[in-house]
Amino acid sequence: MSNIIEIKNLTKSFENFKAIENVNLSVRSGSIFGLLGPNGAGKTTTIKTMTGRLTFSSGEISILGLDVRKDLKGIHQQIGVVSESQNLYENLTVWENIDFFRELYNVEKKNTDNIIETLSLLDKRNEKVSNLSKGLKQRVLLARSILHSPKLLFLDEPTSGIDPSSSFEVHDFILRMKELGTTIFLTSHDMEEVDSLCDEVAFIDRGKIVASGSPKYLKKKFGTNEVEVSYLDREGKEAVQCFNMDDGDVFEKISNMNLKDRILSIHTKEATMKDVFLSVIKNDKGVSR
Ligand SMILES: Nc1ncnc2c1ncn2[C@@H]1O[C@H](COP(=O)(O)OP(=O)(O)OP(=O)(O)O)[C@@H](O)[C@H]1O
């Protein structure tokens, strides 16, 4: 699979402040890629430079083989963007909001109805957007972003502030788009979401990429797998002990505890993406960038 996004040594400064610095990223065509990091790390800025909403100070960005600085129009025809601050026309209906963009994209009128059906918005098509929940508005934004069948979709925090069932619908949408061959570039604070959806992720901290790879690789590299033994101590009180799987024969160690019939449970605890996050992101509370 070839790379649909290539970023080389990207730096974006706001006056003297480097919001992102020397970022290098490659995204494989047809994959779901997640850019993760704490608040203010530079995720939205990275997306905005890729989609042409921000100019950048130095470096190179190639999207679909096109140079962002030279062929933004060609790129825009092939990408869809759902950003954090994107607005809908609140006084128009769902159908009108989507059809307005269909006209801008200059695609067939039947696309509006097809997309409304794809995003399960048929029963809301004549509803004013101002009456919709945040989850439904997000669905309208997703619908709007795929009217022109983009090859690459940028989703900036697509499940931020919506309930679990609406998040599930967004995840389902993302996976369906992947099945159709669309590449997805998303940002998220939800480590479980990222683990279940993304083929590759990169962590950004204070404007710099600090780790990247598949969730499986990163969990192995930065997390620790543990065995948790819950048992009754000699006074009959519940106690817990954890063993690192990388520290020798865990089952011998448990056997050496002489617990016999006092064992309540033994669980393996696999590393999570949250463990990876906490391991690669420096705690910078109180430090101003
Ligand atoms: N237009 C701007 N002018 C000056 N500084 C900016 C501007 N836009 C972003 N920044 C700064 O750049 C840094 C990166 O911001 P960015 O919005 O990219 O972070 P983020 O990772 O998307 O954060 P969040 O998770 O909170 O959305 C922050 O310190 C932010 O204050």
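Predicted model: local features only at pLDDT ≥ 70, side-chain atom pairs only at ≥ 80, totals over all residues.
**View 1. The shell around the ligand.**
Eleven residues surround the ligand. The closest are F14, A19, N39, T44 and T45. Helix 1, spanning residues 43-50, supplies the largest share of this shell, with three residues. Sorted by class, six residues of the shell are polar, three are nonpolar and two are charged.

**View 2. D67 in strand 5.**
D67 is part of strand 5, which covers residues 66-67. Is D67 buried, exposed or partly exposed? D67 is partly exposed, because 13 C-beta neighbours lie inside 10 Å; a residue counts as buried at 20 or more such neighbours, and as exposed at 12 or fewer. E6 also belongs in this view: the C-alpha atoms of D67 and E6 are 9.7 Å apart. Along the chain, 61 residues separate the two.

**View 3. Helix 3 against helix 5.**
Helix 3 (residues 94-105) packs with helix 5 (residues 134-145). Their axes lie 9 Å apart, at an angle of about 25°. Angles under 35 degrees count as roughly parallel, and helix 3 and helix 5 are therefore roughly parallel to each other. The crossing of helix 3 past helix 5 is right-handed. Which residues of helix 3 meet helix 5? On the helix 3 side they are V94, N97, I98 and F101. Helix 5 brings V140, A143 and R144 to the contact. By class, this contact of helix 3 with helix 5 holds five nonpolar residues, one polar and one charged.

**View 4. Helix 3 against helix 4.**
Helix 4 runs over residues 110-118. The axes of helix 3 and helix 4 come within 9 Å of each other and cross at roughly 130°. That angle makes helix 3 oblique to helix 4. This crossing of helix 3 and helix 4 is right-handed. From helix 3, the contact takes in V94, W95, I98, D99 and R102. They meet N111, T112, I115 and I116 in helix 4. The residues of this contact of helix 3 with helix 4 divide into five nonpolar, two polar and two charged. V94 and I98 of helix 3 take part here, and V94 and I98 also meet helix 5.

Notes. Residues numbered from 1 in each chain as written. Near = placed C-beta within 6 Å. Helix = DSSP H or I, 4+ residues; strand = E, 2+ residues; numbered from the N terminus. Nonpolar A, V, L, I, M, F, W, Y, C, P; charged D, E, K, R; others polar. Axes fitted to C-alpha atoms, helices over the stretch in contact; angles between N-to-C directions. Parallel < 35°, antiparallel > 145°, perpendicular 65-115°, else oblique. Left-handed = near helix turned anticlockwise from the far one by under 90°. Contact = placed C-beta atoms within 7 Å.
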